[in-house]
Amino acid sequence: MFIGNRPVAADVQLPEADPAQPLSISADYAARWTQGNVEIWVLRGRCSVSQGATTARGGEAVVWIENNRRSSSLARDVTVYLEGGVQVDYRRGGVNISRGRRDSTAQIRDKTWLGNFRARGGLNMRVPRVQSEPRAKPAILQRAVARRRAKGATGSSAFAGSRKSLGKGGQAAHGTRQENHAIRRVQFTTPIKTTTRGPAAPPRGTRRVRVFPRGGGGIQAEWFPSNRPNERIAIIDNGVQLLIDGVTMDDFGGGTGTIDVSTDRLVIWFTGKDLPNLRGGGDGTLQSENLPLEIYMEGNIEFRQGGDRVIYAQRMYYDVANRTGTILDAEIISPVREYQGHVRVRAKSIRQVDADRFLLRDAVLTTSELGVPRYSITSDSILFEDLQFPRIDPMTGLVELDQDGRAVVDHRRMASSSHNFLRIEGVPIFYWPTMATNLDERSLYINRLRVKSDRIFGQQVHSQWNGYQMFGFRNPLKGTEWDIDLDYLSDRGLGVGTAFRYDRDELFGLTGRPAGFVDAWFINDNGRDDLGRDRLGLVPEEDVRGRILWRHRQQLWDDYQLTAELGYITDRNFLEQYYENEWDGFKDQRTGVELKYTNDNISWSLSSDVRINDFFTQTEWLPRADHFWLGQSLFFNRLTWYEHTQVGYARLRTADPPANASELAKFALLPGETAEVEGERFVTRQEIDMPFQLGVVKFVPYLLGEAAHWGSDLSGKDNQRLFGQIGLRASLPIWKVNPAVDNPLFDLHGLAHKVTFDFEMSYADANRNLTEFPLYDAIDDDSIEHFRRRFAFDPVFDRRFYALRSGLAGWVTSPSVEIADDMAIMRFGMHQRWQTKRGPTGAQQTIDWITLDVDGTWFPNEDRDNFGESLGLVDYDFRWHVGDRLTLLSDGIFDFFDGGQSLFTVGGFLNRPENGSIYLGYRSLQGPINSQVLATSFIYRMSEHWIGSFGTAVDLGDEGNIGQHFAVTRIGESFIVRVGVNVDEGKDNVGVSLAIEPVFMKRSRLSRTDLMHLPVGGIGRL
C-alpha cells in the first residue's frame, strides 16, 4: 500500500465509496449477458471503476450488477474483479489516519483486486464496443468466480484489501490482525423476529429443544406421564417461546432449519431419556430426529417454520417429526418478493399436509393489511403450497447467505381452490368454480377494471383477467404473462381479447433470449365510427372488427438476431377508432421476418415483408438483402469509408379505395404511389470522408456516390440512376468559463458558455428525376399517409420534395433510396449551452441551465430547389431550466415561400414532485393548416390519498374549443380508483370513466398517468 505515493505500513483501510455518488465503469471492449436478475460484464482494455473520490483501474475486469427487484429504491449492488496492473486510488483532503497528517491520496497496487460497490446515484457504463455472451467463457471469468467463492476472500465493504498489505500469518505490518470475510451482497429480506440464542446447530441426525419465557418472569411448567413408553407430557400455562433447532427441511436438499413458536399456553409430548429444561435458558436438550415430538399451542400463536413464513393462530397442533398439523382460526403470512408485499391467507381451519402444503377450509386470500380486507378471494377450500428453497448465486453456484450466515430463502407459492368469489368491499362481483395460481403474480384473477360512459361507445365495462389463474394452470411457462380482456360496450357490442407476453431464456430449444408479445382483440360491432369533424357516423367496412399483433425478437448464436412481426387489422378505421394513441404514435403494424448479423461496424440482413392489410400502401419484399460497412478507417486513418448495398425484389401495393361513399369522395393516392409496380431493385451507395483539423476547426470533405437499378419505374420500364454528391462539413467548438459567477436567486455556481458552430455545403446531381420512381421505401407512417390522402395539397407540399430539401439524400444509410435528385445547399447551425453547477456542497453536478439550438438552410438555386426562396427550413429549440423545478421552453420551424410552414410553440413547465406539476403553452401553425392553440394541464396532490388532474385546449382561431379532461384519483390501501370526465369537441363526445387497479399491480397504468410515485400497498408497508 502507498499513502501519498510513499510506501508505509499496511494498517490503513480505504474508506468505503459514497453510494450516493454516480458509479462509472468504462473499458475499450466488453461482453455482456444476464443470469436471472444479474448482469455480467467481462471488460478488456483500460478498465476503470470510479465512484466519488475512489477510482480502481486494471487491464481486465469482471463486473456483476445485481438489480435488487425487492428494493423500493433504485440502488444496485455491484461486485468488481480486476486483473493486470491493478491500482486503486482514494483522493481526499483530510487527515491521514496512519500518520495523523494531511494527505491527498491513499493507494493500493496489486495484480488482482475484488471489491463491492453500492450505486444509488446512478450507474454509467461507458463501453464503445459491446458483444453478446461468448460461446466459450474467457478464463478471467473462471478466476473471478473462484476469487468470489474463496473462503478467505477479503472485505465485504466497498474494498477488499490487497494481499500485499498482510505480513506472515495474516498479520498486518503493525501487528494488527486483518479480518477475512467472504464477500456477501446485502440482502433485502423481511426481518425474521426470532431469538436464535444458544449454541450452534445440533449434530447431524439430532434436534435441540430450547424453551424461553416470552415476557418477564419465569416459566410455569408441569410434567405428566403418558400412556406411550418413554414419553412425557408437559403443560406450560404462561407465555413461552419454544425453539426447535435441526429440523430437516426437504426443500434445502437435506439441510436443517429452526421452528420458532411463541404462544400463551403450550402442551408438549416429548420422547427421550433426558427431559428438556422447561425453566428457561441453558443450551437445550438434544433428541434424535427420528423420535416423536408433538406440540399443542393455544392463544396468540406466532409460528415460524424454516425461512420467513409466519402463521398466526389461536389454536394449533403440530407434529414436528412428520411436519404435519392442524390450525384453527388461523392466518398465514408469507412475503412476495416481486412487489415487497405479503400474501395473507385466513381460514377457520388449516391442516398442514406436510412441510410446505396446507389445506384450508372457509378461506380468505388477500394482500390487504386491513382486518376486513377490501379485496379478497373467498373459497370453500384452498390447497396452499409455500415451497421454500435457498437462493443460489448464479455466478458461484453456492447458497447465498445473509449477514447472520443463514441461507437466504426464496418462495414459490401456489394456490388451488374451489368455489371462488372475487369480493371488493365484501361484495361478490365474480364467481369462478376452480382456480390455480402462482401467488407471486401480485394480482388475484383481475388485473384491471374500468367503467366508462360516452357518446361513441355507450356504457362500457372493460376488464382484464389473469388467464393462467382463470384456467387453472399450476405451472405456467416461466417468463410469460397471459391476460384475457372481456369488454362490454353498449352501443358497439361485446369485445374479447387476449395478450401474451414472454421474455425467456430459450424458445423451442433455440439459443438466445427470446422476447415479444401477442395482442389480439375483436368485437362484433353494431355501431358507427365517429373519427372527428367531417368524419362522424361512418358505417364500418366490417361487422366483426379487430386486430392481431405479434412481435418477436430473439438473439441467436453469436451476433445474429431474428425479428418477426405479424400485424393484421380488419379495416382501415379500426385502429383510429379503438386504439387512437397507438394509431397516432406507435410503429406501423406490418408482417415480415428479418435475420440480421452485426459485428463491430459491419452488418447484413435478409428480410421479407408481405402486405395483408389492403387499405394501406405498403411494399412487399420477396425478399431483400442489405449490407452495411460503416466508419471503416483507410490509409492509416486518413480516410473513412461508408457503404450500404442492397438487392431485392419489390412489389408496391397501393391502398384500396374505401367502401364508404363520403370517405371515397375525399380519397386520393399520393404522388409516388399512382400505380402498382413490381420488379427487382439493386442499389449501392458509398461515401469517402477525409477528416482533418485546421487550427480549432475540424473539416470533413466528402464524396458520396450511388449506382441504382429498378426493374420497373412508374411507367413500367427498366430504369437506371447514377447519383453523386460532393460536400464539405465543418465544426468549430468554442467556450468560455467564468467560475466567479455566483447567484443564489438563479442557483448559479459558476457559468460555462459552450458554442458549437456547424456548417455544411454540398452539391448533388442525378441523371434521373426522383418523380420517375415508385416510392418503395415509405417516408411517412400509415396514419400520416391516411391523413394526407384526404387533402388536395399544393405540389409544394409533396412529401418527397420535403424529404429531399431536408437532406435525406445525403446519407449512406438513408431510409428511402428513391429520395435523391439535383440539389445545392448550404446548411448552418449554432448549438449553445450555458452550464452551471447545482446540488449539495461536495456533491454538485454540472447541468444545462440554458440551451439554444438554431439551424437553417440556404438554397443557391432557389427556383429549382426551394420554390423561389433562398432561405428555408429554419428551426430553433430553446430550453431555460430556471431552477430544478421550473423550465421555460420554445421551439419552431419556418419556410418562407407562399403557403410554407410556420410553426412555433412557447410554454412553461413547473414541477414539484411531491405536490404536482403544471404546464401552460401556446402553439401557432400557419400553412396548409392554420391553428392557434392555447393549452394547459396540471396535476395536484391534494393529500396523501387524493390526486387531481385537469387539462384543456382551445383554438383561438375558427375551431374554438378542442377538449378538456378532468380526473380525481384516490390512492387506497388496496386500490387506485380514478373517476374522470373527458370532452372531445372534434368528435362531439363527452365521456365519464371509473377505473380501478390494485395498488400492487406491476403494470399500474393509473400510477404512471399522474407521474407520481405511489407507495407499495398491502402489509408490505408494515
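## Close-up views of a predicted model

Salt bridges number 55 in this predicted model, each being a side-chain nitrogen of Lys or Arg within 4 Å of a carboxyl oxygen of Asp or Glu. Residues are numbered from 1 along each chain as its sequence is written, and side-chain values use heavy atoms, with hydrogens and water left out. Local features need pLDDT of at least 70 and side-chain atom pairs count only at pLDDT 80 or more, whereas totals for chains, interfaces and linings use all residues.

**View 1. Salt bridge between E541 and R572.** The N to O distance in this pair is 2.8 Å. E541 lies in the loop between β30 (514–524) and β31 (544–555), and R572 in the loop between β32 (560–569) and α3 (574–578), so the bridge ties together parts that are 31 residues apart in sequence. Helices (H or I, at least four residues) and strands (E, at least two) are DSSP runs, numbered from the N terminus. E541 is partly exposed, at 30% relative accessible area, whereas R572 is buried, at 5%. Buried denotes under 20% relative accessible area, exposed over 50%, and partly exposed the range in between (1.4 Å probe, protein chains only).

**View 2. Salt bridge between E678 and R651.** The closest N and O atoms of the two residues are 3.7 Å apart. E678 belongs to strand β37 (residues 678–689) and R651 to strand β36 (residues 639–653), so the pair links parts that are 27 residues apart in sequence. E678 is partly exposed, with 37% relative accessibility, and R651 is partly exposed, with 27%.

View 3. D798 is buried at 9% relative accessibility, and R800 is buried at 7%.

**View 4. The largest nonpolar core.** This core has 50 residues, and M297, F303 and L360 have the most contacts inside it. A nonpolar core is a set of buried Ala, Val, Leu, Ile, Met, Phe, Trp, Tyr and Cys residues joined through side-chain atoms within 4.5 Å. Strand β18 (residues 293–305) contributes the most, with five residues. Not counting residues up to four places away in sequence, L360 touches V345, R346, A347, S349, I350, D380, S381, I382 and F384, a contact being heavy atoms within 4.5 Å. A second, separate core of 23 residues includes L43, V49, L82 and A119.

**View 5. Buried side of helix α1.** Within α1 (residues 139–149), the buried residues are I140, L141, A144, V145, R147 and R148. They cover an arc of only 160° around the axis, which puts them on the same side of α1; the arc is that of the directions from the helix axis to the C-beta atoms.

**View 6. Nonpolar surface patch.** V451, V461, L486, Y488, L494, V496, V979 and L994 make a patch of about 630 Å². Patches consist of residues with over 30% relative accessible area and no salt bridge, nonpolar side chains (Val, Leu, Ile, Met, Phe, Trp, Tyr) being joined within 5 Å and like charges within 9 Å; areas come from the Shrake-Rupley method with a 1.4 Å probe, and for residues only the protein chains shown count as cover. The elements giving two or more residues to the patch are β28 (480–489) and β29 (493–503). L494 is located in strand β29 and is exposed, at 55% relative accessibility.
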